[in-house]
Every structure is written in C-alpha cells, then in structure tokens.
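Keep the sequence and the model side by side as you read.

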Amino acid sequence: MNFLAALLAVGLAFVHIFAGKLRFLDTIPRSRWLSMAGGVSVAYVFVHLLPELNKRQHAFEHSTNGILAYFEDHVYLVALFGLAAFYGLERAANLSRRSNRKAGKKDTTSWDVFWIHIISFSLYNALIGYLLVHRQEPEFVSLLLFSFAMALHFIVNDHGLRENHKHDYDRIGRWILAIAIILGYCVGQATEIQEMAVSALFAFVGGGVILNVLKEELPEERESRFWAFVLGAFGYAVILLLTD
C-alpha cells in the first residue's frame with residue numbers, strides 16, 4: 001500500500017507539471033472536461049468525505065487536546081475555515097489583477113500576491129500528499145478514489161492558477177506545487193498523527209476543494225458547462241456509493 005501511495009504521489013505531482021499541455025481546456029465557453037472534473041471533485045467531498053467526517057465526529061467530541069477540543073461540536077468549522085481561506089486567496093488575486101489592468105500593466109497578479117498564492121497552495125498540496133499516507137479509510141479502493149478525485153481537482157486548480165499568474169506560474173509555480181506533493185508524502189511516511197487531527201486535515205481539504213471548484217464554475221463570463229458539471233458530480237457519486 002505504501003508503494004502504491006508513493007506512485008500516486010508522483011502521479012499527482014506530474015498532473016501539475018503537465019496540465020499546461022492540455023491546451024484544449026483553454027476555451028470559452030469553459031471546457032466541458034474542466035466542468036466535469038470539478039463535478040467529480042465536489043462529489044467526492046459531499047458523498048464520501050463529509051459523511052465520513054460525520055461518522056468520526058466522536059474523535060473531536062472526546063478530545064481534550066488544546067485547540068482541537070474547541071471544535072468538539074463542529075468538525076465542519078474546519079471545513080468552513082478551509083473554504084474561507086481559499087476565498088481570501090482568490091479575492092486577493094482578483095484585486096491584484098484589476099489593479100494592474102488599471103495601471104496599464106499586464107493582466108496578471110503582482111509578485112507578492114503570486115508568492116502568497118504559491119506558498120498557500122503548496123501547503124495545500126503538501127497536505128494532500130500527507131493524506132495519501134494518513135487517510136481516514138486505509139483501504140486500496142479508498143486510496144484510488146481519493147487520488148483520482150484529487151488529480152482532477154489539481155487540473156482545475158492548475159487552470160485557475162495559470163489564468164491568474166500567467167508565465168510566472170509555468171516558470172516557477174507549477175514546479176513548486178508538484179514538489180510540495182512529494183514533500184507532503186515524505187512527511188507522512190516519517191510522522192504519524194492522531195485520528196482527530198486526520199479528520200481536521202480532511203475537513204480543511206474538503207472546504208478548499210469546494211471553494212476552488214465553485215470559483216472556477218460560477219463566474220458568468222466563463223460560460224461554464226452546467227450539464228458537464230452535473231454529469232461529473234452524479235456519475236462519480238454513483239461510483240462512490242457503489243464502492244462504499
């Protein structure tokens with residue numbers, strides 16, 4: 001299982017390195033494949049991840065360890081925090097691009113916002129790499145379902161980050177994000193944390209997935225493919241329910 005997790009970590013890293021080669025995704029209206037990938041990611045959160053967190057709520061309810069005890073009634077507060085954190089990042093990127101356009105500069109973010117984004121998403125990717133090792137359900141099928149959903153989620157993230165940061169992302173950002181996944185996996189192999197902490201990490205990832213997908217699908221100017229999003233969401237939901 002550890003060998004498979006290592007291969008999947010490398011595979012997820014390659015998603016960031018080579019996603020930019022998928023030029024057919026750079027279209028308006030939005031590519032149906034991107035919308036479908038977003039649907040798959042969200043389906044994993046709502047059909048598999050959040051119900052599992054609900055089952056493991058007792059890990060928080062019986063915790064007396066510092067700040068974790070504060071969340072004893074609502075593990076979903078951690079998911080809300082993840083959503084809010086990535087909303088703030090997206091807001092900062094949009095304001096930076098708008099400011100540069102008004103100043104007659106290129107339609108990209110400033111250098112400081114670029115690094116804030118890359119550092120934040122690197123931590124996010126490292127967390128996902130870590131969770132390849134420390135999952136709520138250590139079974140083979142669960143690992144594959146998680147990895148597939150995250151691979152498609154990374155394609156969606158990669159597309160959004162490239163739109164915000166342009167050449168800087170291709171030149172620097174994608175490599176850092178790819179390395180972060182491997183580093184997260186390596187840290188996971190070297191350390192082990194309590195069950196309630198694993199639940200908290202998954203909750204944070206769940207909130208981040210929801211925001212990062214919806215921010216790409218909702219803007220009207222992107223002319224998103226609703227039917228493709230629904231097909232991806234419900235199709236993967238059926239797979240998750242059949243393998244539960």
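Is Phe-204 buried or exposed? Phe-204 has a relative accessible area of 19%. The cut-off for buried is under 20%, so Phe-204 counts as buried. Keep in mind that this is a predicted model.

Now step back to the whole fold. The protein has nine helices and zero strands. Read from the N terminus, the elements run α-α-α-α-α-α-α-α-α. Of its 244 residues, 52% count as buried. Contacts reach across the sequence. Among those with a separation of 6 or more, 83% join residues 24 or more positions apart. The protein exposes about 12000 Å², and carbon and sulfur atoms supply 68% of that area.

Next, the rings. The structure holds 12 aromatic pairs. One of them joins Phe-86 and Phe-121. Their ring centres are 5.1 Å apart and their planes meet at 65°, so this pair is edge-to-face. Phe-86 sits in helix α4 (residues 76–102), and Phe-121 in helix α5 (residues 111–131). The pair therefore ties together parts that are 35 residues apart in sequence. Phe-86 is buried, at 3% relative accessibility. Phe-121 is buried too, at 3%.

Phe-86 also pairs with Phe-204. Here the centres are 6.1 Å apart, the planes are 50° apart, and the pair is tilted. This pair links distant parts of the chain, since Phe-86 belongs to helix α4 while Phe-204 belongs to helix α8 (residues 195–217), 118 residues away. Ring pairs join Phe-81, Phe-86, Phe-121, Tyr-124 and Phe-204 into a cluster.

Turn to the core. In soluble globular proteins, nonpolar side chains tend to be buried together. The largest nonpolar core here has 60 residues. Within this core, Tyr-44, Tyr-124, Leu-131, Phe-146, Met-150, Val-205 and Tyr-236 touch the most other members. Helices α1, α2 (32–55), α4, α5, α6, α7 (167–190), α8 and α9 (226–242) each supply at least two residues of the core. Helix α6 gives the most, with 11 residues.

Take Phe-146 from that list. Leaving aside neighbours within four places in sequence, Phe-146 is in contact with Tyr-44, Ile-128, Leu-131, Leu-132 and Phe-202. Then look at Leu-145, which lies in helix α6 (residues 140–165). Leu-145 is buried, with a relative accessible area of 11%. Not counting residues up to four places away in sequence, Leu-145 touches Tyr-44, Tyr-236, Ile-239, Leu-240 and Thr-243. Leu-145 and His-48 are 97 residues apart in sequence, yet their C-alpha atoms are 9.5 Å apart in space.

Ser-122 counts as buried, at 11% relative accessibility.

Charged pairs come next. How many salt bridges does a search of the whole structure find? It finds five. In one of them, Asp-158 meets Arg-162, with the closest N and O atoms 2.4 Å apart. These two residues are four apart in helix α6, so about one helical turn separates them. Both Asp-158 and Arg-162 are buried.

Helix α7 holds both Arg-171 and Asp-168, three residues apart, which is about one turn of the helix. They form a salt bridge, with the closest N and O atoms 3.2 Å apart. Arg-171 is partly exposed, with a relative accessible area of 45%, whereas Asp-168 is buried, at 17%.

The side chains of Arg-101 and Asp-107 also meet in a salt bridge, at 2.7 Å from N to O. Arg-101 is partly exposed at 42%, and Asp-107 is partly exposed at 29%. Together with Arg-97, these residues are linked in a network of salt bridges.

Val-10, Phe-14 and Phe-18 make a nonpolar surface patch of about 270 Å². Phe-18 is found in helix α1 (residues 2–18). Phe-18 is partly exposed, with a relative accessible area of 44%. Phe-204, where the tour began, is buried at 19%.

Note on methods: Residues are numbered from 1 along each chain as its sequence is written. This is a predicted model: local features need pLDDT of at least 70, side-chain atom pairs count only at pLDDT 80 or more; totals for chains, interfaces and linings use all residues. Side-chain values use heavy atoms; hydrogens and water are left out. Buried means under 20% relative accessible area, exposed over 50%, partly exposed in between (1.4 Å probe, protein chains only). Contact means heavy atoms within 4.5 Å. Accessible areas come from the Shrake-Rupley method with a 1.4 Å probe; for residues, only the protein chains shown count as cover. Patches are made of residues with over 30% relative accessible area and no salt bridge: like charges are joined within 9 Å, nonpolar side chains (Val, Leu, Ile, Met, Phe, Trp, Tyr) within 5 Å. A salt bridge is a side-chain nitrogen of Lys or Arg within 4 Å of a carboxyl oxygen of Asp or Glu. Rings of Phe, Tyr and Trp (its six-membered ring) pair if their centres lie within 6.5 Å; planes under 30 degrees apart count as stacked, over 60 as edge-to-face and the rest as tilted. A nonpolar core is a set of buried Ala, Val, Leu, Ile, Met, Phe, Trp, Tyr and Cys residues joined through side-chain atoms within 4.5 Å.
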